[in-house]
Protein chains: 2
Amino acid sequence: MARETALIVAGGKGTRIKSALPKQFIELNGKPILLHTIEAFIRYSSSMKIVLVLPEDDFPIWSAICEKFKFEFPIELQKGGETRFQSVRNGLQKVEDGLVAIHDGVRPLVSEDIIGASFRLAAIHQCAIAAVRLKESIRMTDQDNTKAMDRSRFRLIQTPQTFNVDLIKKAYEIKEDPSLTDDASVAERAGHIVSLFEGSYENIKITTPEDLIVAAALMENRGR
Amino acid sequence: MARETALIVAGGKGTRIKSALPKQFIELNGKPILLHTIEAFIRYSSSMKIVLVLPEDDFPIWSAICEKFKFEFPIELQKGGETRFQSVRNGLQKVEDGLVAIHDGVRPLVSEDIIGASFRLAAIHQCAIAAVRLKESIRMTDQDNTKAMDRSRFRLIQTPQTFNVDLIKKAYEIKEDPSLTDDASVAERAGHIVSLFEGSYENIKITTPEDLIVAAALMENRGR
């Protein structure tokens, strides 16, 4: 079996949530979001390698969290860049070979099933991106008007975005560009086919204050 | 001021939620979802006309709910059709003139602000559709591959979808077609410009079991 690495990207400054603390460190049901996220990967496999990309300024916060929660799993820390693109590129320097699941630090509700599926499918297709169908109608804006689109043809993209390590490292050698909003678009720009698989509506990204409420409720429900 | 009517569409059979009871009747924080939805409109204006479209078989459930919750606001009941299109068309028969806000019975978290904005904007533009920006990247599927899209150009569509009554009644005279997934697309097909306004991420449509958990948490938080 190929070596499996998780690359957790937690570079965000939390500007969209009114909190002095970057959002990945906010506690959800008694534990920082980022720790929930990392523990999801450890539940999937306690032998996996985990690389955590954080802004260098936040390294002391991470140390304090490890101490407070007696978290002793060996994590490789890497410092983040100015942008998500740069943070992932930095993180990939610490990833050797096999497969890498790149995952948002603020998606703590990822399940072991989804992590497992992403590695299995990436082993076959070189790439496996978690995605969900749209629950609602979608329109495209077009100057003063808007246009109904066929929602069955669209998918909302989540993480993990899992890749063959050589492929994604090479893809990240391209020039950075603001339209590259995720790893899948980097792989696409480098000429690769981007394969999706069914993610989960529960696997939300915590971005806004209401997301915190939603995530806490989903997590509590899961614990029951 | 133009007369304001709410047309609440609650025709769904709840096939996606494992419950014998159609989902609009499931209790959320002690009260049926549909009653929460209707009360949101009454909070906005206690003098507004409300038309409720329900499958005829469910009329007795509605009566029982009114009795149990001592709900005495005068509602005009209309029987639903086989599809949402037919249900809305039936409902529009009970709407006279002015403006009509067509709203999903299973969106109980709609706020007074959003309802108010939809009427104000529809008075100006003939049409005002609640919509939100995408929080996540979006891809379009294309045979074996998928393609990144510019998410800033897309909006996820909610309700209320509020219209000049004459305009939407006339638009609903067109032939039914499965690609017409909402009222905005009916108006578009009839040749009208579809104007959007900023909805809310809390204004979720309850479709899946996890939506129930999310809605309950958001509602409880709002009550605090």
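A:Ser137 counts as buried in this predicted model, because its relative accessibility is 11% and the cut-off for buried is under 20%. The residue is found in the loop that links strand 7 (127–133) to strand 8 (138–142) of chain A. Its surroundings draw on both chains: neighbours within four places in sequence aside, A:Ser137 touches A:Arg151 of its own chain, together with B:Arg155, B:Leu156, B:Ile157, B:Thr181 and B:Asp182. With one of these, B:Thr181, the contact is polar and runs from side chain to side chain at 3.0 Å.

The arrangement of the two chains comes next. Two copies of a chain are related by a rotation about an axis and a shift along it. Here, chain B is superposed on chain A by a rotation of 180 degrees with 0.0 Å of shift along the axis, and the RMSD is 0.0 Å. That is the relation of a two-fold axis. Among the residues of chain B, B:Val214 comes closest to the rotation axis, with its C-alpha at 2.6 Å. The copies meet through the same surface, because 100% of the interface residues of chain B are also interface residues in chain A.

B:Val214 also takes part in a helix pairing between the chains. The axes of helix 7 (residues 209–223) of chain A and helix 7 (residues 209–223) of chain B come within 9 Å and cross at roughly 125 degrees, which means that the two helices are oblique to each other. Their crossing is right-handed. On the chain A side, the contact is made by A:Glu210, A:Ile213, A:Val214, A:Ala217, A:Leu218 and A:Asn221; helix 7 of chain B contributes B:Glu210, B:Ile213, B:Val214, B:Ala217, B:Leu218 and B:Asn221.

Key
Residues are numbered from 1 along each chain as its sequence is written. Chains are lettered from A and ligands numbered from 1 in the order in which they are written. This is a predicted model: local features need pLDDT of at least 70, side-chain atom pairs count only at pLDDT 80 or more; totals for chains, interfaces and linings use all residues. Side-chain values use heavy atoms; hydrogens and water are left out. Helices (H or I, at least four residues) and strands (E, at least two) are DSSP runs, numbered from the N terminus. Buried means under 20% relative accessible area, exposed over 50%, partly exposed in between (1.4 Å probe, protein chains only). A polar contact is a pair of N or O atoms within 3.5 Å; within protein, one must be able to donate a hydrogen and the other to accept it, and residues adjacent in sequence count only if both atoms are side-chain atoms. Contact means heavy atoms within 4.5 Å. Copies are superposed by least squares on the C-alpha atoms of residues with pLDDT of at least 70 in both. Axes are lines fitted to C-alpha atoms, for helices over the stretch in contact, and angles run from 0 to 180 degrees between N-to-C directions. Angles under 35 degrees count as roughly parallel, over 145 as roughly antiparallel, 65 to 115 as roughly perpendicular and the rest as oblique. A crossing is left-handed if the near helix is turned anticlockwise from the far one by less than a right angle, and right-handed if clockwise.
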